[in-house]
Amino acid sequence: MDSSKIQNFTLTNILLLIVLLLAGPVIAQQGTIRGRVYDEKTNEGLPFVNLVIEGTNIGSTTDLEGNFLFTGVKPGFVRLRVSSVGYDTRLSPEFMVTNTRTANIDIGLQEKSLELDVVEVLVSQFERSEESPVSLRRLGIREIERSPGSNRDISKVIQGLPGVAFTPAFRNDVIVRGGGPFENSFFLDGVEIPNINHFATQGASGGPVGIINTDFIREVEMYSGAFPANRGDAMSSVFEFRQINGNSDKLSFQTTVGASDLAVTADGPLGPNTTFIASARRSYLQFVFSVVGLPFLPTYNGFQFKTNTRVSDNSTLTVTGIGAIDLFDLNLDANETEEQRFILDFLPVNEQWNYALGAVYRRFKTNGTETFVLSRNMLRNMAYKHPNNIDSLPRTLDYTSDEIENKFRYERSLPLGDYQLNIGGGGEYARYKNQTFQEIFFNNQIDTLNYQTDLELFKWSLFGQITRRLLDERLSLSLGLRSDANSYSSQMTNLLDQLSPRFSASYKVRDGLYLNFNTGRYYQLPAYTTMGFRNNANVLVNKENGLSYISSDHLVAGIELLPDRNSKLSLEGFYKLYNSYPFSVNDSVALGSLSADFGVVGNEEVVSTGEGRAYGAELFYRNQDLGKWNIILSYTLVRSEFKDIRSEFISSAWDNRHIVNITGLRDLPNNWEVGFKWRYSGGSPYTPYDRELSSRVDAWNLQGMAYLDYSRFNSERLAGFHQLDVRVDKQFFLNNFSLMLYLDVQNVYNFKASQPPNFILEEDDSGNPVIMDEDGVKRYRLKELENNIGSVLPSVGIIFIF
C-alpha cells in the first residue's frame with residue numbers, strides 16, 4: 001500500500017480542519033438531561049431520589065414515578081451521582097450532553113442488603129461484579145468516542161483493552177490472553193451477534209473494519225475470564241456492547257464523515273412509550289484506493305437500528321438489528337509494479353453480507369425478572385478466482401457459504417433469601433450451507449476439492465448461577481453451572497458431556513482492597529466450516545472422525561486495590577488449558593495455533609486431539625483524574641502454546657509474550673480535548689515458506705502465492721511492534737446544531753513493523769515470469785520481497801448533529 005499517496009489525499013482535509021478549528025468564538029448553548037430512576041428488581045420508579053451532576057453542585061430530585069429532569073446543563077461528558085434512603089449510592093455510566101438533543105438515561109438502584117453505620121459513603125467510579133470479580137473490564141462512552149488511533153471504529157477501540165493483542169496488518173482480530181480469534185462471543189444489548197467486522201474471516205472474528213456504529217454504544221464490557229453462566233460458546237472472551245436509547249423528545253439527526261466512510265444517524269420518538277435510533281454507513285475507500293493506484297477496491301455498507309418500548313410499568317421490549325453488505329473487487333488497471341501484480345495474482349473477488357436481528361422482552365416481577373430473547377442471524381460469504389483474472393477461463397475457486405441461526409433464550413433472576421439466583425435455558429435451530437469448488441496442490445499433484453453441504457443442527461442449553469454475600473458482606477461467592485449440546489453427532493448430544501462449572505470468590509480485606517479468584521471449564525462448538533466440511537466422497541469426514549466440543553479450563557487469581565474513587569489497580573495471574581481442539585490432518589497443527597487471514601478458516605479435515613495452553617499475568621491501572629488526565633495503563637505477560645504432532649509444545653501465532661497499552665485523555669478549556677495511545681506488542685511467531693514447493697509452476701499457478709512449510713511451523717518470530725497515536729477534538733455547540741471535529745494521527749513517529757517476507761515471481765525484461773526446468777519439473781524463479789508496513793496516517797472527522 002502506497003501510504004504516502006493516502007497522506008497526500010488527506011492533506012486538503014486536514015487544512016480544512018485547521019481553518020475550522022481556528023474559527024472565531026461562538027455562543028455556547030446548554031443541554032438537557034431526562035431520565036428515570038427505578039428499583040433494579042421490580043422496575044418500579046423510585047420517588048424522591050437525589051441526583052447530582054458529578055463534580056458540580058447542580059442537583060435534581062425524582063418525582064413520584066421516578067422521573068427527573070436537568071436543564072441548562074453545560075454540554076460535554078457527565079455522570080450522575082444517585083442516592084436514596086435504603087439503596088446503594090451509585091454513579092451512572094458516563095454519557096454525552098449536547099445542546100441539540102436531550103440526553104436520556106435510566107438508572108437502576110439496588111436495595112441495601114445490610115444497613116451499615118456509615119456517615120459518608122465513598123462511591124467508586126468502578127462497579128464490581130460478584131459473579132465475575134476478575135477479568136472484567138469496562139469502557140465508557142468517552143473512551144469509545146475519543147479513542148486515539150481508532151477513528152471511531154469500535155473493533156479497534158477494544159484492541160486497547162488489557163490482554164488484547166493487536167497486529168499492524170490492518171486487521172481487527174480479537175486475540176485475548178493468548179487465545180485465537182475464533183474463541184470469542186459478542187452480544188449487542190443481550191442479542192448474540194456472530195460478526196463484528198466487515199469482510200469477516202469466516203470461522204474466526206477478524207476483519208479490517210468494524211460493523212458496529214460507535215454512535216450507538218454507551219458502554220463495553222469485556223470478560224476475559226469468569227464468564228457468567230448465561231453466556232456460552234466462548235473460551236477467551238465475552239463482549240457485551242450496550243447501546244443508547246433514542247431521543248424521547250424530538251427527532252434529531254447526526255452526520256459523520258470519518259476516515260473511510262460516511263454515516264447518517266437518526267433518532268427520536270415513535271410514540272409516547274417508544275424511541276428509536278437508526279443509521280446507515282457507506283465507505284468511500286474504493287474511490288481513495290482507485291486514486292492512489294491500489295490493486296483492490298473494498299466497498300462496505302453498514303446498517304443498524306434499535307427501538308425501545310416501555311410496554312407497561314413492569315415490562316420493556318427492545319428490538320435491535322445490525323447488518324453489512326461488503327464487496328471486495330480487483331482493480332485490474334493497477335498492475336504496473338511487481339507488488340501490484342503479485343497482489344492481483346492471489347487475491348480473489350469476495351462478496352459478503354450478513355445481518356442479526358433480535359428482540360429482548362424483559363418483565364419485572366415482585367420477586368425478580370424474566371427475560372425472553374429471540375434472534376436470527378445470517379452470513380453469506382462468496383469468493384471466486386479466475387486464472388490471471390481472465391473471466392473467460394474456468395474458475396480455480398468458486399465458493400458460496402451460508403450460516404443461519406435462529407435462537408431463543410429464557411432467563412429468570414430472583415432472590416432466594418440471602419441468595420441471588422439466575423437460571424435459564426436456550427434453544428437454537430442452525431443451518432450451514434456450503435458449495436465449494438477449489439483446485440489445490442496436494443501430494444505433489446493438482447487435486448480438486450468439490451463438495452456441497454446442507455447441514456441442519458438443533459442446539460440446546462441449560463444454565464444457572466447462584467451468588468451470596470457472607471461475613472458482613474466482606475466475602476462474596478458465586479457458583480455457576482452450564483451445559484450445551486446439539487444434534488450434530490453422538491459425541492455432542494449429551495448435556496452431561498459438556499458440563500461447564502464455574503466458581504468465583506472475592507474477599508474484602510479492607511475498604512478498597514479485594515482478593516479475587518475464579519476457576520471454570522468452558523466449552524465452545526467448532527466452527528461451522530469445520531463441522532460442515534466434506535471430502536470428495538461427499539462424507540462429513542470430521543463427523544466421522546469424532547469431532548467434539550472444544551474445552552478450556554481457566555484458573556484466575558488476583559488482587560484489586562481502589563485507592564480512591566477515581567483510581568483502580570489490579571494484578572491477575574491466569575492459566576488456560578485447552579483440550580479437544582481441532583487438529584489439522586494435512587498440516588499436523590492445531591487450528592488454534594494458526595494465524596488468521598481474510599477468507600475462510602477451518603474448512604479442512606481435522607481430528608479433535610489438539611491440546612494447548614495460555615498463561616501469564618496482567619497488570620492494570622486506571623485513574624480518571626491523574627493530573628487532569630484520564631489514564632488507562634495495562635501490561636500483559638502471556639505465553640500461548642499448542643502441542644505439535646510429537647506432543648511437544650510450540651508457540652502459537654498468538655504468542656506475543658508482552659502486550660502494553662497506555663491511553664491518556666484530557667479535557668482542555670473551550671471544548672477542546674486531546675488524547676494519546678501508545679501500544680507495544682511482542683513479535684508473533686510465523687511459519688516460513690516452502691521455497692521448493694512454491695517455485696513449482698503448477699503449484700504457484702493454483703494459489704498465486706508461496707506455500708507455507710509446516711515442517712517448520714512457527715519456527716520464526718517477528719520483531720516487536722509499537723505505535724503512538726494522538727488525537728485532538730474540538731466541539732462547537734451553536735444555536736440549532738452541534739459541530740464536532742477531530743484530527744487523528746496514527747503511528748506518529750512512523751514506526752516500520754516487520755512482517756513475514758513474501759516471495760514474488762522474478763520477471764525478465766519483457767515483464768514475463770522467468771521459468772526454469774529442473775529435472776523435468778518446471779519452476780518459477782522466485783525472489784524475496786521485504787515486507788515492512790507502517791507509516792504516519794493522519795485523518796480527520798466531522799460530526800454534525802442537528
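Visitor: Which residues lie nearest the centre of the largest cavity?
Guide: This is a predicted model, in which local features need pLDDT of at least 70 and side-chain atom pairs count only at pLDDT 80 or more, while totals for chains, interfaces and linings use all residues. Residues are numbered from 1 along each chain as its sequence is written, and side-chain values use heavy atoms, with hydrogens and water left out. A cavity here is a set of points, on a 1 Å grid over the protein atoms alone, where a 1.4 Å probe fits but cannot get out; lining residues have an atom within 4 Å of a point. The largest cavity has 49 lining residues, and those nearest its centre are Glu192, Asp233, Glu405, Lys407 and Lys459.

Visitor: Which elements give two or more residues to the lining of the largest cavity?
Guide: Strands (E, at least two residues) are DSSP runs, numbered from the N terminus. The elements that contribute two or more residues to this lining are strand E13 (184–188), strand E14 (191–192), E25, strand E26 (397–416), strand E27 (419–442), strand E28 (445–470), strand E29 (475–486) and strand E31 (513–524).

Visitor: How many residues of the lining of the largest cavity are charged?
Guide: Ala, Val, Leu, Ile, Met, Phe, Trp, Tyr, Cys and Pro count as nonpolar, Asp, Glu, Lys and Arg as charged, and the others, Gly among them, as polar. The lining has 21 nonpolar and 18 polar residues, and the charged ones number 10.

Visitor: Is threonine 371 buried or exposed?
Guide: Threonine 371 sits in strand E25 (residues 368–385). Leaving aside neighbours within four places in sequence, threonine 371 is in contact (heavy atoms within 4.5 Å) with Val360, Tyr361, Arg362, Arg409, Tyr410 and Glu411. Buried means under 20% relative accessible area, exposed over 50%, and partly exposed in between, with a 1.4 Å probe and protein chains only. Because its relative accessibility is 9%, threonine 371 counts as buried.

Visitor: What separates the C-alpha atoms of glutamine 723 and tyrosine 749?
Guide: Glutamine 723 is in strand E41 (residues 721–733), and its 9% relative accessibility is why it counts as buried. Not counting residues up to four places away in sequence, glutamine 723 touches Lys677, Trp678, Arg679, Gln746, Asn747 and Tyr749. Glutamine 723 and tyrosine 749 are 26 residues apart along the chain, and their C-alpha atoms are separated by 7.6 Å.

Visitor: Which residue in E31 stands opposite phenylalanine 503?
Guide: Two strands pair if DSSP finds at least two bridges between them. E29 and strand E30 (residues 499–510) pair in the antiparallel sense over nine bridges, and eight bridges join E30 to E31, also antiparallel. In E31, the residue opposite phenylalanine 503 is threonine 519.

Visitor: Which residue takes a positive phi in the hairpin of E30 and E31?
Guide: This hairpin has two residues between the strands. The phi is near 85°, and the residue that takes it is glycine 512.

Technical notes. Helices (H or I, at least four residues) and strands (E, at least two) are DSSP runs, numbered from the N terminus. On a 1 Å grid over the protein atoms alone, a cavity is a set of points where a 1.4 Å probe fits but cannot get out, and a pocket is an open set with protein on both sides within 12 Å along at least five of seven lines; lining residues have an atom within 4 Å of a point.
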